[in-house]
Amino acid sequence: MKKNVITIGGTEYPCRLTLGVIKAFKEQTGKELADIGTDMVALGTLIHIAATKSGQKEKKPFPWQTADELLDDIDLADMPTLVEELFGEQSTIDSDAKKRKSRNRPAYRDSYRCYWTFAS
């Protein structure tokens with residue numbers, strides 16, 4: 001079972017992807033979750049919204065007041081780990097996608113999920 005936390009600077013923060021988070025992301029950015037692609041700024045905004053809302057619910061305030069403040073403190077090398085913590089393991093997704101492709105079905109799991117692949 002997923003822990004529903006992200007780790008930034010060695011500290012864990014509650015972070016859940018909920019319908020409210022998706023709605024707030026769309027209202028704030030004008031983008032659908034599936035349209036993020038590899039846009040790191042949009043992804044950082046999504047992480048900020050998810051962690052802020054999760055922190056409010058669990059009464060554990062998220063220390064960054066804006067997405068810009070958060071983006072200043074996240075190293076680009078840490079993004080794949082944050083994505084994995086928020087969405088789950090990439091390797092599981094890749095194997096599921098391959099199975100679906102072989103059955104002539106869409107490669108995505110659900111219409112509300114979006115996955116990223118980072119070049120090494």
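Mentor: A crossing of two helices is called left-handed if the near helix is turned anticlockwise from the far one by less than a right angle, and right-handed if clockwise. Helices (H or I, at least four residues) and strands (E, at least two) are DSSP runs, numbered from the N terminus. The model is predicted, so local features need pLDDT of at least 70 and side-chain atom pairs count only at pLDDT 80 or more, whereas totals for chains, interfaces and linings use all residues. Residues are numbered from 1 along each chain as its sequence is written, and side-chain values use heavy atoms, with hydrogens and water left out.

Let us begin with the setting. The protein contains 5 helices and 2 strands, arranged along the sequence in the pattern β-β-α-α-α-α-α. Of its 120 residues, 35% count as buried (under 20% relative accessible area; exposed is over 50%, and partly exposed lies in between, with a 1.4 Å probe and protein chains only).

The part to examine starts with helix α2, residues 40-57, which packs against helix α4, residues 79-87, at an angle of about 45° and with the axes 11 Å apart. Axes are lines fitted to C-alpha atoms, for helices over the stretch in contact, and angles run from 0 to 180 degrees between N-to-C directions. The helices α2 and α4 are therefore oblique to each other (under 35 degrees is roughly parallel, over 145 roughly antiparallel, 65 to 115 roughly perpendicular, and the rest oblique). Their crossing is left-handed. On the side of α2, the contact is made by Met40, Leu43, Gly44, Leu46, Ile47 and Ala50, and on the side of α4 by Met79, Leu82, Val83, Leu86 and Phe87 (contact means heavy atoms within 4.5 Å). These contact residues divide into 10 nonpolar, 1 polar and no charged; Ala, Val, Leu, Ile, Met, Phe, Trp, Tyr, Cys and Pro count as nonpolar, Asp, Glu, Lys and Arg as charged, and the others, Gly among them, as polar.

We now turn to the loop between α2 and α3, where Lys59 is found. Most residues other than glycine have a negative phi. Lys59, however, has a positive phi of about 55° although it is not a glycine. Lys59 is exposed, because its relative accessible area is 71%.

The rings of Phe, Tyr and Trp (its six-membered ring) pair if their centres lie within 6.5 Å; planes under 30 degrees apart are stacked, over 60 edge-to-face, and the rest tilted. By this rule the count is 3 aromatic pairs. Tyr13 and Phe62 form an edge-to-face pair, with 5.3 Å from centre to centre and 85° between the planes. Both of these residues are buried. Tyr13 also forms an edge-to-face pair with Trp64, at 5.6 Å centre to centre and 75° between the planes. Here too distant parts of the chain are linked, as Trp64 lies in the loop between α2 and α3, 51 residues from Tyr13 in strand β2. Trp64 is buried because its relative accessible area is 13%.

Thr66 is partly exposed, because its relative accessible area is 36%. Thr66 and Ile49 are 17 residues apart in sequence, and their C-alpha atoms are 8.9 Å apart in space.
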